[in-house]
Amino acid sequence: LPAHPRIAPPPALFCVCRARRCSVRRRMAWSVWIARFLVCALPAAAASGGSDPGRARGLGSTPGGTAVVFEVELTRVRATGFAHASSNASLPLQLSEPDGSFMVEPLQNIGNVQYFGTIEIGTPGQLATVIFDTGSSDLWIPQSRFDPSSSSTVLRPTSASDHNEVRIQYSVGSVVGPVFVDRLSIGGCTIPQQGFVFAGLTAGLENRFFDGVLGLAFPALSHTGTTVLTQLGAQAGIQVFCFFLEEAGKPSKLVLGLPDDGRFGPAGPVYSPVVLQEWWTFEGSLSVGTSLVMQTSFFALDTGTSYLTLPPSYFAAVVQLLLPPEGLAQCRLYGPTKLFICPCASRLVARILYVTMSGQDFPIFPEDLFTPLRDDSDQCVLEVQASSEALPVILGDTFLRTVGTVFDVGQLRVGLARRADVVPRLESTRERLRADADAIAGGRSAGRLPLLPPHRPGSESLSPQTVLLALSAGALAGWMGGHLATRIYDLCHPADDPRGGATARAASARCCDTGPGGAYARFV
């Protein structure tokens, strides 16, 4: 444990007392120290995944309360099928000129799978394309895209012993490399000193359309220690960022800062506190039509995930509610990706999926859940996947394309805004939307019970009863430890007892031998 002034062991724990009254002092010291340890360390350990990295590291309001906004443009490029043969889309695009307080940097999306854009590393800046990922926390750049010898501001390990290589493991693939520090520029927003993994080995990522990954999640997930999220506030004064993801042919954007130009619509975003400071996680509910699947569950906004992911038990329930039995019978499971492939006509019979946050419903229409494998294909992929029970419900790009999102580090909250341009495109969907609204207005869905229990991974906390039990156990352990130490002291110092003789003093010498094999050394 790191040094803590409130749990530092008192000198009385290690004092060598010749008087018997010191045994009581030792017992009391052990009891008090262990109680302090339990009070200070256990709550800190329980909150390690939910610490306050934003406020602890100065990711608060910008000086004077002024908004600093930089804008990054994302352009989606549609590829065909599961295999994306062309890599031309990963070429960096030219930065546009500043427009007032906004700066635009292009980003691209490949076939609803990857959104990425260009950053600059070093001085002068060297370009690299990265995924802006709110589901991870580290920045890594491959060695093929950055030449340290060409940068005048790079800080790198000075000897072989300093090459503490970092390994980052993703759900698919991994990267390995040492940590360098250099200047980072994102759409004109500059961080003078940013740590990143200089990746020499990338496994399982050979067919990627990007060079690296720029993580925007909390430091609890970091392997490098200094995250871009932390440094945006500490070095660049940025406390909020937003994503506006679009379909093909429309510009998508990452905004550093909070825009005030009305793009969130007249109602603006609704907010919810971050409940797990690992991913950008909030508490919400999930419904299929008028059927409530789960409530008070954890949902994570993840720009690095393409689809929606659900734990297996919830996934099965959602799929069965989404399609009628005859429609589900026409779907098949695509083995390598574990995705459902269904006739595109399934959109005509599918129900609407609703994510609810802070009392506001955010619908995901069937035409957004079922996307064609190719432009001319009558087979669609269902953009819902099963994931791990240990993960929250992950709202990937399938959901993020239907809303405007706000990631507020300073106030530790996430915001969602309904977009005026996201409307049903099928008459069958419009009819279901009206029917669901009528059911809610008529009270037919009032008092409905969720079909499944809440899904809240990583939410365990210490209850008052647990703390009381831990304190009692600590006090007992402290008393027993002090009693044991006293008994050992008495055995090792019989000369203090006037009834001890030469034999006792000889035994004391053997017991208190401080050499490598002595009993005292073994005990200590």
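Q: Why does Cys189 count as buried?
A: In this predicted model, the relative accessibility of Cys189 is 2%. Buried means under 20% relative accessible area, so Cys189 counts as buried at its 2%.

Q: What makes Cys242 buried?
A: The relative accessible area of Cys242 is 0%. That value is under the 20% limit, and Cys242 is therefore buried.

Q: How many disulfides does the structure hold?
A: The structure holds 2 disulfides. One of them joins Cys331 to Cys342, and another joins Cys344 to Cys380.

Q: How do you know that a disulfide joins Cys331 to Cys342?
A: The distance from S to S is 2.1 Å for this pair. A disulfide requires two cysteine sulfur atoms within 2.5 Å, so Cys331 and Cys342 qualify at 2.1 Å. Their link is right-handed, with 115° about the S-S bond. Cys331 lies in the loop between helix H5 (325-328) and strand E19 (332-334), while Cys342 is in strand E20 (residues 339-343), 11 residues apart. Cys331 and Cys342 are buried.

Q: Why is the disulfide of Cys344 and Cys380 called right-handed?
A: The torsion about its S-S bond is about 100°, and the disulfide is therefore right-handed. The sulfur atoms of Cys344 and Cys380 lie 2.1 Å apart.

Q: Which parts does the pair of Cys344 and Cys380 tie together?
A: Cys344 lies in the loop between E20 and strand E21 (353-357), and Cys380 in strand E24 (residues 379-382), so the pair ties together parts that are 36 residues apart in sequence. Cys344 and Cys380 are both buried.

Q: Which residues touch the most other members of the largest nonpolar core?
A: Ile119, Leu214, Phe241 and Phe399 do so, in a core of 75 residues. Helix H4 (residues 312-322) gives the largest share of this core, with 6 residues. A second, separate core has 13 residues, including Trp140, Tyr170, Phe209 and Phe210. In soluble globular proteins, nonpolar side chains tend to be buried together.

Q: What does Phe241 touch, not counting residues up to four places away in sequence?
A: Among the residues that Phe241 touches are Leu216, Leu229, Leu254, Trp280 and Phe407. Thr134, Gly257 and Thr405 are also included.

Q: How do you know that the buried residues of H8 line one face of the helix?
A: The buried residues of H8 (residues 427-441) are Ser428, Thr429, Asp436 and Ala439. Seen down the axis of H8, they fall within an arc of 95°, so they line one face of the helix. What covers them includes E21 and helix H6 (366-369).

Q: What span is expected of helix H8 at 1.5 Å a residue?
A: The expected span is 21 Å, and H8, with 15 residues, reaches 21 Å from its first C-alpha to its last. H8 is followed by Gly443, whose phi is positive, near 75°.

Q: Why does Gln126 count as buried?
A: Gln126 has 16% relative accessibility, which is under 20%, so Gln126 counts as buried. Gln126 is placed in strand E4 (residues 126-133). Its side chain reaches the backbone nitrogen of Asp147 at 2.8 Å.

Q: Why is Ser252 called buried?
A: With a relative accessible area of 0%, Ser252 falls under the 20% limit and is therefore buried. Ser252 belongs to strand E13 (residues 251-256), and its side chain reaches the backbone nitrogen of Glu246 at 2.6 Å.

Q: What makes Ser358 partly exposed?
A: Its relative accessible area is 47%. Buried is under 20% and exposed over 50%, so Ser358, at 47%, is partly exposed. Ser358 is in the loop between E21 and strand E22 (360-364), and its phi is near 55°, a positive value in a residue other than glycine. Most residues other than glycine have a negative phi, and most peptide bonds are trans.

Q: Why does Leu412 count as buried?
A: Leu412 has 9% relative accessibility, under the 20% limit, and therefore counts as buried. Its phi is positive, near 50°. Leu412 is in the loop between strand E27 (403-408) and strand E28 (413-418).

Q: What is the peptide bond from Thr123 to Pro124?
A: This bond is cis, with omega near -5°. Pro124 lies in the loop between strand E3 (114-121) and E4.

Definitions and conventions:
Residues are numbered from 1 along each chain as its sequence is written. This is a predicted model: local features need pLDDT of at least 70, side-chain atom pairs count only at pLDDT 80 or more; totals for chains, interfaces and linings use all residues. Side-chain values use heavy atoms; hydrogens and water are left out. A nonpolar core is a set of buried Ala, Val, Leu, Ile, Met, Phe, Trp, Tyr and Cys residues joined through side-chain atoms within 4.5 Å. Buried means under 20% relative accessible area, exposed over 50%, partly exposed in between (1.4 Å probe, protein chains only). Helices (H or I, at least four residues) and strands (E, at least two) are DSSP runs, numbered from the N terminus. Contact means heavy atoms within 4.5 Å. The expected span of a helix is 1.5 Å times one less than its number of residues. The arc is that of the directions from the helix axis to the C-beta atoms. A polar contact is a pair of N or O atoms within 3.5 Å; within protein, one must be able to donate a hydrogen and the other to accept it, and residues adjacent in sequence count only if both atoms are side-chain atoms.
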